[in-house]
Amino acid sequence: MNQTICPSGPLKGAVEMPGDKSISHRYAMLASVAEGESVISNYSSGADCHSTLGCLRTLGVEMKIDGREVRIQGRGLNGYVQPGQDLDAGNSGSTIRMLSGLLAGQRFTSRLIGDESLSKRPMQRIMTPLAGMGARITARDGKFPPIEIQGGELKAIDYSMPVASAQVKSCVLLAGLHVDGETMVREPAATRDHTEVALREFGAEIETGRGWAKVRGKAKLQPRELRVPGDLSSAAFFLVAGAIVPGSELVIAGVGLNPTRAALIDFLVAAGAQIRVLDIGMRNGEPVGDLQVTGSDLKGGEIAGALSASLIDEIPVLSILGAVSRDGLMVRGAAELRIKETDRIETMASNLRLMGVEIETAPDGFRIPGGQRFRAATVDSFGDHRIGMACAVAALRAEGEIVIENAEAASVSFPEFWDTLRTIGR
Ligand code: S3P
């Protein structure tokens, strides 16, 4: 499917985001191993989070999905039933990597598969710690999906992750639920801590400190009623759109503002974006607030070191901001971008060049000079949700129409994106 987006005058209005993708996965997985019925409202409408639900169903978990509300009958820590078919994670790295942690502790063998993109993404990062805990895992060519997990009794581990990845940290903590003892994970840079927060909500014994988290296994998890906050990584597209289109004023209500994600707001403000947090509260251990963004005079900025890990999902759309800012954008220390749903350094660079934007790539990032314009072009999402949506944001400030091919990819995290975009433009 193609989407054609025209340049727009000031963007106005209030927009709603889907439920946070990261939190939706975690709530569904933890609810499935709790003892009783959990009710999750504002569950992400994205295909990725529905891949998690599909896998849980295949594992015998009963659930009722009513729009954005999901009722899950937890089966306890060891209650999954041996699946009669492969578990299909679709496009979702979070599903395959985090669910593997729970499967490693089950007394049966399961096989996880994914789509073409997921089948090229590295799995050694979870295979190594899970093997260290005693699970037997094999993968295609030793590293790619499909992966086969022969679960069983697991032992405690103290694991220092070589890469900063919340999916890996979560996988180990979830496997740790099955261990008689304490499982420790250490991270080289702070990553999102939704698993730690959610484990606490479900009544697990978890301790956290700067750069580490430790879970005590074998606890019974309590079922919960939970509401997923709006997705800040989806809001990023509207925050950048509101900032780059002069005269805009947008409100995004009910967005998750967990400090391990909100580096985005700090970065945008430092880059010159005018953003106000209108209201803030706590829900299920997660901060939630309303954001207002207005058209801004942008300086641009630099993303490097630990900040790259915090902003990893937002870098595609931040490249759009960089191009129209005064000083541009420099990204370093973000080699992880190359192993996301696509190689996001190459797919973004290819689209930016088609739109007439100069960009210089490096193995771990890129540099985009400031003061540039987007010209009319046909670009491609390459099947990557965040690439398609980032190009749509560029189109709002382009000199002519931008056609985005394979635009349906947005539905991986944000099926309502194209309709939402049309409500604010003029
Ligand atoms: C996620 C962690 C990040 C992020 C992904 C969601 C999560 O991946 O890019 O979109 O929910 O834990 P990595 O763990 O590979 O960095």
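Select Thr95 and Thr52: their side chains make a polar contact at 2.8 Å. A polar contact is a pair of N or O atoms within 3.5 Å; within protein, one must be able to donate a hydrogen and the other to accept it, and residues adjacent in sequence count only if both atoms are side-chain atoms. This is a predicted model, where local features need pLDDT of at least 70, side-chain atom pairs count only at pLDDT 80 or more, and totals for chains, interfaces and linings use all residues. Residues are numbered from 1 along each chain as its sequence is written, and side-chain values use heavy atoms, with hydrogens and water left out.

Stay on Thr95. It sits in helix α3, residues 93-103. Helices (H or I, at least four residues) and strands (E, at least two) are DSSP runs, numbered from the N terminus. Is Thr95 buried or exposed? Thr95 counts as buried, at 0% relative accessibility. Buried means under 20% relative accessible area, exposed over 50%, and partly exposed in between (1.4 Å probe, protein chains only).

**Next stop: the open sheet**

Select strands β4, β5, β3 and β14. These four strands form an open sheet in the order β4-β5-β3-β14, with mixed pairing. Its edge strands are β4 (62-66) and β14 (225-227), each pairing on one side only. Two strands pair if DSSP finds at least two bridges between them. Strands of a sheet pair through backbone hydrogen bonds, either parallel or antiparallel.

Zoom in on β3 (37-41) and β5 (69-73). They pair in the antiparallel sense over four bridges. Find Ile40: it stands opposite Val70 in β5.

**Next stop: strand β17**

Select residues 286-294, which make up β17. Eight of its nine residues are buried, so the strand is mostly covered. Now show β15 (249-256). Six bridges join β15 to β17, and the two run antiparallel.

Click on Leu291 in β17. Which residues are its bridge partners? Ile252 is one, and Val277 is another. Then go to the hairpin of β16 and β17, which has two residues between the strands. There, Asn284 takes a positive phi near 50 degrees.

**Next stop: helix α7**

Select residues 232-244. This is α7, with 13 residues. From its first C-alpha to its last, α7 reaches 18 Å, close to the 18 Å expected at 1.5 Å a residue. The expected span is 1.5 Å times one less than the number of residues. Because 13 of its 13 residues are buried, α7 is largely enclosed by the rest of the structure. At its start, a side-chain oxygen of Asp231 reaches to within 2.8 Å of the backbone nitrogen of Ser233.

**Next stop: the rings**

Show Phe237, Phe238, Phe414, Phe417 and Trp418. Ring pairs link these residues into a cluster. Rings of Phe, Tyr and Trp (its six-membered ring) pair if their centres lie within 6.5 Å; planes under 30 degrees apart count as stacked, over 60 as edge-to-face and the rest as tilted. The whole structure has five aromatic pairs. One of them, Phe414 with Phe417, is edge-to-face, at 5.5 Å centre to centre and 70 degrees between the planes. Phe414 is buried at 0% relative accessible area. Phe417 is buried at 0% too.

Select Cys49: the nearest cysteine sulfur, that of Cys55, is 12 Å away. Cys49 is buried, at 0% relative accessible area.

Notes
Disulfide = S-S within 2.5 Å.
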